[in-house]
Amino acid sequence: MLQIDQFRKTYNNQLVLQIDSLAISGGVYWVRGQNGSGKSTLLKAIAGILPFQGDIILNQRVHSKKQPVAYRKLVNFAEAEPIFPEFLTGIELIELFKSAKKAPHQQEAFYVETMQMTSYVNQPVRTYSSGMLKKLSLVLAFLGQPTCILLDEPLTTLDADSLPILYSWIDRFCHQPETMVLLSSHQAFEGALLPTVRELLVENATIRYKP
Ligand SMILES: Nc1ncnc2c1ncn2[C@@H]1O[C@H](COP(=O)(O)OP(=O)(O)OP(=O)(O)O)[C@@H](O)[C@H]1O
C-alpha cells in the first residue's frame, strides 16, 4: 500500500500539487493529466528524489522521510528521458543498480533477454539510440525487490514490438502481493494487455482517484 498524507509541492512559491490524503493498494495505475499538470512531480516525489511537504508511506510502515534508505529500496523510478554516464556499458549500469538495490543474482537475465538487448548490453551507452536507452531504463526499474515501480512516460520511444514485453513484465510484477506500478502516459494502455489498470487523474493541482 502507498499512502500520501498532507502532501504539498511548490516551485518558487507556486503550488503545483496538493494531496490531503490518498491511499492506494497493489495494482497498476495510470497517472493521467495534461501537460504541466504535475504527473512527473508526483512520480519524482514518490520516488524520493524531490523535496516536498508531508509524508509518503509504503507498506504501512516505511516513511519516505524518517526511513529514507529503507524507503528508497522499495521504490524504483524510470525517468521519462533517461540520461546515463555515456562511458558506462549497459551491463555496468545494471551491475551498479543491482548492487545498490541488493538485487538477486542473475535477476537481470530475464529482462535483458526478453527485451532482446543481449546484442548491445555490453556496448557503452553513448552508442545507444533513444529507444535502446529507454529499454535499459526500464530494465533498471525492475531490479531489486521493490514494492513500487514508477515509470514516467514508459511508452515514449519504445517500438511497438516492445510494448507487449513491458506489459508482461508489469503483469508479472503485480502478481506479487501488494506490489504496484504507477505509469504516466499521454496515451491509453491497451485493455487486453493491462485489463486491471486504474486511473489517477492529476487535475487542478490535486489527484482524483475513484477506487
Ligand atoms: N524544477 C522546476 N522548477 C519550476 N517549475 C517546475 C519545475 N518542474 C516542474 N515545474 C512546473 O510544475 C508544473 C508540473 O510539472 P510536471 O513536469 O510535473 O508536469 P507533467 O504533468 O509531468 O507535464 P508533462 O506531461 O508535460 O510532462 C508545471 O507547471 C511545470 O512548469
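Asn 12 is found in the loop between S1 and S2. In this predicted model, the phi angle of Asn 12 is near 50°, a positive value in a residue other than glycine.

The residues around the ligand are Tyr 11, Asn 12, Val 16, Gly 33, Asn 35, Gly 36, Ser 37, Gly 38, Lys 39, Ser 40 and Thr 41. Sorted by class, this shell holds 2 nonpolar, 8 polar and 1 charged residues. Which element gives the most to the shell around the ligand? That element is helix H1, made of residues 39–47, with 3 residues.

Helix H1 leads the reader on to a sheet. H1 lies across strand S1 (2–11), S2 and S4, and runs at about 60° to S2. These strands belong to an open sheet of 4 strands, ordered S2-S1-S4-S5, in which the pairing is antiparallel. At the edges are strand S2 (14–24) and strand S5 (62–63), each of which pairs on one side only. In general, the strands of a sheet pair through backbone hydrogen bonds, and the pairing is either parallel or antiparallel.

Strand S4, residues 53–58, pairs with S5 in the antiparallel sense over 2 bridges. Within this pairing, Ile 57 stands opposite His 63 in S5. The loop between S4 and S5 contains Asn 59. Phi of Asn 59 is near 55°, again a positive value in a residue other than glycine. Because Asn 59 has 14 C-beta neighbours inside 10 Å, it counts as partly exposed.

The loop between H1 and S4 holds Gly 48. With 18 C-beta neighbours inside 10 Å, Gly 48 counts as partly exposed. Leaving aside residues up to four places away in sequence, Gly 48 touches Ser 64, Pro 68, Tyr 71, Arg 72 and Val 75.

Cys 148 and Leu 150 direct attention to strand S7, to which both belong. Why is strand S7 described as largely enclosed by the rest of the structure? The reason is that 5 of the 5 residues of S7 (residues 148–152) are buried. Cys 148, Leu 150 and Asp 152 point one way from this strand, whereas Ile 149 and Leu 151 point the other way.

Strand S7 is part of another open sheet. In this sheet, 6 strands follow the order S6-S7-S8-S3-S9-S10, and the pairing is mixed. The edges are taken by S6 and strand S10 (206–208); each has a single partner strand, so one side of each is left without a neighbour in the sheet. Neighbouring strands of this sheet are turned by 20° against each other on average, direction ignored.

The partners of S7 can now be considered in turn. Strand S6, residues 75–78, pairs with S7 in the parallel sense over 4 bridges. Here the bridge partner of Phe 77 is Leu 150 in S7. S7 also pairs in the parallel sense with strand S8 (residues 180–184), over 5 bridges. Among the residues of this pairing, Asp 152 stands opposite Ser 184 in S8, and the bridge partner of Ile 149 is Val 181 in S8. Finally, helix H5 (residues 130–141) packs on the sheet and touches S6 and S7. The direction of H5 makes about 175° with that of S6.

Key: Residues numbered from 1 in each chain as written. Predicted model: local features only at pLDDT ≥ 70, side-chain atom pairs only at ≥ 80, totals over all residues. Near = placed C-beta within 6 Å. Nonpolar A, V, L, I, M, F, W, Y, C, P; charged D, E, K, R; others polar. Pairing = 2+ DSSP bridges. Contact = placed C-beta atoms within 7 Å. Axes fitted to C-alpha atoms, helices over the stretch in contact; angles between N-to-C directions. Buried ≥ 20, exposed ≤ 12 C-beta atoms within 10 Å, placed from the backbone.
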